[in-house]
Amino acid sequence: MSAYILLDGADIPMIALIGDVPAHEVRQGMRVRAVWVPESERTASMANIRWFAPTGEPDVELA
């Protein structure tokens, strides 16, 4: 599944894959972290991030 991700300190969200969580559990304000490809496979691109996964931290309060 994909969703809009707003990185801390950013003003514009980006669309990215969400993984490690069932789609029906994804919600606005959910804190996520990047899941990276192995360092040996990394390039200078967004392909270095496999997906974003929940951190388990409390959700961000929505304005």
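Predicted model: local features only at pLDDT ≥ 70, side-chain atom pairs only at ≥ 80, totals over all residues.
I begin with the classes I need for sorting residues: Ala, Val, Leu, Ile, Met, Phe, Trp, Tyr, Cys and Pro count as nonpolar, Asp, Glu, Lys and Arg as charged, and the others, Gly among them, as polar.

**Entry on the pocket.** With those classes I sorted the lining of the largest pocket, and its residues divide into 13 nonpolar, two polar and five charged. I looked up how much space the largest pocket holds and found about 540 Å³. Its lining has 20 residues, and those nearest the centre are Tyr-4, Ile-5, Leu-6, Gly-29 and Met-30.

**Entry on the core.** I next looked up the largest nonpolar core, whose eight residues are Ala-3, Ile-5, Ala-16, Ile-18, Val-21, Ala-34, Ile-49 and Phe-52. The elements that give two or more residues to this core are E1 and strand E4 (49–54). For Ala-3, I set aside the neighbours within four places in sequence and found contacts with Met-14, Ile-15, Ala-16 and Ile-18.

**Entry on Asp-20.** I looked up Asp-20, which is found in the loop between strand E2 (14–17) and strand E3 (32–36). Its phi is positive, at about 65 degrees, although Asp-20 is not a glycine. Is Asp-20 buried or exposed? I recorded Asp-20 as exposed because its relative accessibility is 55%, and exposed means over 50%.

Key. Residues numbered from 1 in each chain as written. Heavy atoms only, no water. 1 Å grid on protein atoms, 1.4 Å probe; cavity = no way out; pocket = protein on both sides within 12 Å on 5 of 7 lines; lining within 4 Å. Points joined across faces, edges and corners; volume = space filled by probe spheres on them. Helix = DSSP H or I, 4+ residues; strand = E, 2+ residues; numbered from the N terminus. Buried < 20%, exposed > 50% of the residue type's maximum accessible area, 1.4 Å probe, protein only. Core = buried A, V, L, I, M, F, W, Y, C linked by side-chain atoms within 4.5 Å. Contact = heavy atoms within 4.5 Å.
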